[in-house]
Amino acid sequence: MTTETAVQETQEQEMDRSPNPEAKDYGCSILLEDTELETTKDKTFPTDARIVRYKKDGRNCIDLTRARKVVDIFDFYYDKYGPGSVESIDFGYGSVNPKLWGYKKPDDKKKK
């Protein structure tokens, strides 16, 4: 499976499944959880997505997360994994307008 199709399937799964209840309380949406850095470099993600590096059970993890404010992302990971777990929150590589991300074109209606 190529990376591009894997990312598209991941995006579709993220839209179909219910949001993480813990993240929803903080206004966050986790697009990719515990993934590789190469997967987060896809340009099809929204521009407001952030790359979060954190420690979970002594190992380094990377998530792609979006929220209205960076402080909401920090608060979510700090409360979930504890003090000292958040290593960095960087800009993502996405280039899609957040308003248009996940938009599906409506089916064409047959003309009479």
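Strands E1 (residues 28-32) and E3 (residues 59-67) run against each other, pairing in the antiparallel sense over 4 bridges. Keep in mind that this is a predicted model. How many of the residues in E1 are buried? The strand is mostly covered, with 4 of its 5 residues buried. As a bit of background, side chains in a regular strand alternate between the two faces of the sheet.

Now for the aromatic rings. The structure holds 6 aromatic pairs. Take Phe-76 and Tyr-77: their ring centres are 5.0 Å apart and their planes sit at 75°, so this pair is edge-to-face. Those two values are what you want here, because a pair of aromatic rings is described by the distance of the centres and the angle of the planes. Phe-76 and Tyr-77 also belong to one aromatic cluster, together with Tyr-26, Tyr-54 and Tyr-81.

Are Phe-76 and Tyr-77 buried or exposed? Buried means under 20% relative accessible area. Phe-76 has 1% relative accessibility, so Phe-76 counts as buried, and Tyr-77, also at 1%, counts as buried too.

Gly-102 tells another story. You'll find Gly-102 in the segment after strand E4 (86-91). Gly-102 and Thr-44 are 58 residues apart in sequence, and their C-alpha atoms are 9.6 Å apart in space.

| Residue | Relative accessible area | Class |
|---|---|---|
| Phe-76 | 1% | buried |
| Tyr-77 | 1% | buried |
| Gly-102 | 31% | partly exposed |

Note on methods: Residues numbered from 1 in each chain as written. Predicted model: local features only at pLDDT ≥ 70, side-chain atom pairs only at ≥ 80, totals over all residues. Heavy atoms only, no water. Buried < 20%, exposed > 50% of the residue type's maximum accessible area, 1.4 Å probe, protein only. Helix = DSSP H or I, 4+ residues; strand = E, 2+ residues; numbered from the N terminus. Pairing = 2+ DSSP bridges. Phe/Tyr/Trp six-rings, centres within 6.5 Å; stacked < 30°, edge-to-face > 60°.
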